[in-house]
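Dear colleague,

I am handing over the structure we spoke about, with its sequence, and below it you will find what turned up in it. Please keep it open while you read, so that you can follow each point.

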Amino acid sequence: MTAMAGSTELRWGGTSDTGRVRSNNEDSFLVQGEAGLWAVADGMGGHRGGDVASQTACQVLGRSFTHRTVDGLANAVRHANAAVYEVSAGDPELAGMGTTIVALALVDDQGEQVLAIANVGDSRVYRLPGDDLGIDLDQLTEDHSLVADLVREGSLSPEEAAVHPQRNIVTRVLGVDPEVEVDVVTILPQHGDRYVLCSDGLFNEVPEPTIAAVLRQVSDPNEVAQELVYLANEGGGRDNVTVVVVDVVDDAGRAEAASAALGTAPSTTSSTARHDLAPPTSDVDGGDEPAGRRARSRRGRGAEGGPRHGAGKPRRVTWRVVVFVILLLALAGGAVATIQWYGRSVYFVGFEDDQVAIFRGRPGGVLWVQPELVENVDLERDEVPDDRVDQIDDGQQHGSLAEARESAGRLRERAERLNAPADERDTTTTSTTRRTTTTTAPTP
Ligand code: MN
């Protein structure tokens, strides 16, 4: 789904699954895109407890988010906590239930639109930066768990924590006490940034680099959420898994404002631009720092704490222009590489004239990146089974050449079977291959 939330345009999708081991799904998620609010909750507690806790939390969070501010979000989480606590206190069967929650909201912060992220427990919010300068997944939330505490105090490495038998012990939960401390961070929405809210059923089963790779590969937020859930199940599916993805499609021209500001005197720099591209004041005299370092320093941008600007000496303007040009080139280079990569990262089975063939690329191409013919398949259009012609016309995509070949092979075998004259169908010369076909490709 897509919507203009104020002037920042976002796109989102989400899904949840029981997994392969548990009998019920105690995760819940909330998608209120028009209100600019998304959440994932992972419930716990015997019987129906976990279920009720995560659902109650999401419902009450959604209802209570009436002020689109940072405090409004934190208050809505506190309301959710109180509601779960009350339900739990009023029903002995639900006593002791609780839930984690992560919430992402587009809020107004002193006249500026920012994303606020609230967290209680060990569900997570990640960000995959759109300006892909070698930065991988950014975990924006701090886990409230036993192992995270041990990592913070240095007695456990992150690698040990990831496989620790007690990694499920949560140190802060919604609904077990009448009051709860809520962590909130804010971040400026930037075009191309991708946010992922998820329960531990995702990151306990799928390594972060794989999550990042899938986020780069699949553009539709719903599809990418489904793909991640699929991978969690492939990885074992030992827990419920929930994924919500929110993309910043348009950051209200923040990038443009930033470049305009950099091209002019600092006195005209807008407040939004300050957060994004102006380097910290301490860097002003260190003009020999490599550009890459400077680019990465943007990573920690927050909603406050923009640098001060002094009187614009000419030297300083020149320096800014140089940095700006370097940044621009880096971004453009990154974009070109990304589009090339995206355009060539898949294979598809399609028609080359009236001959079935395997191509590398996306059907129809991506901007200037056109699909390349890899190899012809020994199959003509009029031999292709009728029900598959449209599909091949559109181009049937596969993740690798091997998969594309396999698919083309199955198609050819099926075509042979269908097109073989009736009297040939039982001859011994062909039966061997046909029998093999039947076992590897059960689809008739
Ligand atoms: Mn879980």
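Is Asp42 buried or exposed? In this model, which is a predicted one, Asp42 is buried, because its relative accessible area is 7% and anything under 20% counts as buried. Asp239 is buried as well, with a relative accessible area of 13%.

Both residues belong to the metal site, where a manganese ion is coordinated by OD atoms of Asp42, Asp200 and Asp239, at 2.1 to 2.3 Å. Along the sequence these donor residues follow the spacing D-x157-D-x38-D. Asp42 sits in strand 4 (residues 37-44), whereas Asp239 sits in the loop between helix 7 (221-234) and strand 12 (241-250), so this pair ties together parts that are 197 residues apart in sequence.

The other finding concerns two helices. The axes of helix 1 (residues 49-64) and helix 2 (residues 70-89) come within 8 Å of each other and cross at roughly 140 degrees, which makes helix 1 oblique to helix 2. The crossing of these two helices is right-handed. On the side of helix 1 the contact is made by Val52, Ala53, Thr56, Ala57, Val60, Leu61 and Ser64, while helix 2 contributes Ala76, Val77, His79, Ala80, Ala83, Val84 and Val87. Sorted by type, the residues of this contact between helix 1 and helix 2 comprise 11 nonpolar and 3 polar ones, with no charged residue.

Definitions and conventions
Residues numbered from 1 in each chain as written. Predicted model: local features only at pLDDT ≥ 70, side-chain atom pairs only at ≥ 80, totals over all residues. Heavy atoms only, no water. Donors = N, O, S within 2.8 Å, 3.2 Å for Na, K, Ca; no water. Helix = DSSP H or I, 4+ residues; strand = E, 2+ residues; numbered from the N terminus. Buried < 20%, exposed > 50% of the residue type's maximum accessible area, 1.4 Å probe, protein only. Axes fitted to C-alpha atoms, helices over the stretch in contact; angles between N-to-C directions. Parallel < 35°, antiparallel > 145°, perpendicular 65-115°, else oblique. Left-handed = near helix turned anticlockwise from the far one by under 90°. Contact = heavy atoms within 4.5 Å. Nonpolar A, V, L, I, M, F, W, Y, C, P; charged D, E, K, R; others polar.
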